[in-house]
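Hi,

Have a look and tell me what you think.

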Amino acid sequence: ILRVDPSAARSKTRAQSRLHARRKNAQKLWKNTWSTIVHLHHLQILIHPYFCLFQGYTEYFILRLRLLRRRLEGEMGCFSSKPSGNKKLTKRMSMFESTLASNVAENAFKAESKPKSFQQILLRLPALASNFEKVKELYKSFDSDKNGGIDQNEMKAAFKDLGANISEEKMDRYFSEADMNKDKIIDFKEFLLCLSFSFFVDAYTPSDHSEEFEALHAGFKLCAQAFAFFDKDGGGTIDKNEVNAAVNEGCETTKGQDLFASMDEDGSGQISFKELLLALVTWSGAADEDE
């Protein structure tokens, strides 16, 4: 006969109760904070029309709060994630993904010319291809063993050669995040993705503004603006409804669903910035020769 220690059972019950209470308090705090921000946002517009000048910054602040909520989801499990249509496919953002999405949103917010339709994004693809094609020779020069890809050591050498002042630990993390198929080798698209992490997370700027850097800078800005266009609620990922609304533009077609399926590489039901950048490079044709 197994005997259960009553004190151990009570201790476990108390721990579960405390965890439940913390989650309830976190949910209550978020709801109160969100309600206050929304009311202030509406109040500033009603009080004086000149306050509308600050409307954009208020919306940006709200966007950052939403990204903070996504980070809390991952760390505490307090909130339900964006609905993906399949609860099993719902994923939580890591701290790295949350930081990346937040910085991408901030970069897009500062842009002077933002796409207002999916058609405008498509019209910018030739410029994106032109920008990224200028970096191809740079990519090939870092492939020291000429095997058609860049391994982890070659990518570290590339970061150092480009003057990116980041730690070895970050280099390893960026390589791992960019290596989408986990084959320990990154192709041209993944190389661009790896550099985008340094650009958005570390605000990488070389001492000499070369033509390649200016091209990368312009290309990454276009990608950030495209991501912000799709991610209407500022949640840090793009869901199927957002793609349908942006692509179908009120028409009953399957174009949005087909596009979403082509971008959702991991089948999670949500599109990250990484997946969108890879899709944009593919659509632009910048990686055709590499593939």
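This is a predicted model: local features need pLDDT of at least 70, side-chain atom pairs count only at pLDDT 80 or more; totals for chains, interfaces and linings use all residues.

Is Arg173 buried, partly exposed or exposed? Arg173 is partly exposed, at a relative accessible area of 36%; here buried means under 20% relative accessible area, exposed means over 50%, and partly exposed is in between (1.4 Å probe, protein chains only).

Residues are numbered from 1 along each chain as its sequence is written, and side-chain values use heavy atoms, with hydrogens and water left out.

Now the salt bridges (a side-chain nitrogen of Lys or Arg within 4 Å of a carboxyl oxygen of Asp or Glu). There are seven of them in the structure.

Arg173 forms one with Glu177, at 2.9 Å from N to O. Both sit in helix α8 (residues 168–178), four residues apart, so about one helical turn separates them. Helices here are DSSP runs (H or I, at least four residues), numbered from the N terminus. Glu177 is buried, at 12%.

Glu177 also pairs with Lys274, again in a salt bridge of 2.9 Å, N to O. That one links distant parts of the chain, since Lys274 lies in helix α13 (residues 273–284), 97 residues from Glu177. Lys274 is buried, as is Glu177.

Elsewhere, Lys160 and Glu168 make a salt bridge of 3.1 Å, N to O. Lys160 is exposed at 52%, and Glu168 is partly exposed at 37%.

Cheers

Methods
Helices (H or I, at least four residues) and strands (E, at least two) are DSSP runs, numbered from the N terminus.
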